[in-house]
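Q: Please take a close look at a single part of this protein. I would like one connected account of that part and its surroundings.

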Amino acid sequence: MGKYRKWIQALTLIIFGALVFLGKMKLWMMVFFASLFLSSIAGRFYCGYLCPINTCMEVIDENAAKKGKKRRKTPSWLKNDYIRISILVVFLVIMGFVFATGKKLPVLVILFFLGLIVTIFYEPSLWHRYLCPYGTLLAFFSAYNKKGYEIDKRKCIKCGICVKVCQADAVNWPKQNQFPEIQKNLCLVCGKCEKACPQEAISFTSNTKSKKRNINDVTSKCP
Ligand code: SF4
Ligand code: SF4
């Protein structure tokens, strides 16, 4: 399915645009909630395949890479669970208000443009891992997901390319003499690391021995 990813992203972006135009954002929320529950068994495919914010962020990201543009790294004070959870709580309160009152606040559209603006100035992991309230919810729901990209240690040469290409900071590599490890609840299932690995050491698998993951994984790479 990875080879059709760009097509699926383009199609869902068009659908999202049409729903915004028609004022039917509740339909998009239904897509999100369905993806949220499915993420517990299939990972964050919403991020890699369906999310209109990520689709446009990837265009900005690829453009920055082509031009060799360096963007700022995530400020260390933002790598904080309290901030991440506070953003989520504010988001849920606003969405609850929208659903309860029927008011048409453009919450998703605001988030869409916020994600793009952040990505122009900062590396995309700031949004994916620390700011996006959808990402935080999906990280919770996919905490026990067993399917996803994994690194075959028999093939890996510890070159670190997968760490560099990951837009979500989902590849944990604490020391250069250790094997990197993909954290499934942070992974956007984009497949970029699989394509970039010179050893073909990364593949999508269903690992029944996956370890428990929790919110601490979210900041396990923080200094
Ligand atoms: S890119 Fe491949 S070989 Fe290099 S560290 Fe990652 S998994 Fe190992
Ligand atoms: S770990 Fe690989 S598949 Fe997951 S978000 Fe990073 S680059 Fe994409």
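**Asp-152 and its setting**

A: Asp-152 lies in the loop that runs between strand S1 (147-151) and helix H9 (161-165); helices (H or I, at least four residues) and strands (E, at least two) are DSSP runs, numbered from the N terminus. The model is predicted, local features need pLDDT of at least 70, side-chain atom pairs count only at pLDDT 80 or more, and totals for chains, interfaces and linings use all residues. Residues are numbered from 1 along each chain as its sequence is written, while chains are lettered from A and ligands numbered from 1 in the order in which they are written.

Asp-152 is partly exposed because 14 other C-beta atoms lie within 10 Å; a residue counts as buried at 20 or more such atoms, as exposed at 12 or fewer, and as partly exposed in between, with C-beta atoms placed from the backbone. Between the C-alpha atoms of Asp-152 and Cys-56 there are 31 Å, and the two residues are 96 residues apart along the chain.

In the contact between them, 17 residues of domain 1 meet 14 residues of domain 2, where contact means C-beta atoms, placed from the backbone, within 7 Å. Helix H2 (25-42), helix H3 (45-50), helix H4 (52-66) and helix H7 (125-131) each supply at least two residues of the side of domain 1 that touches domain 2.

Conventions:
Two residues are in contact if their C-beta atoms, placed from the backbone, lie within 7 Å.
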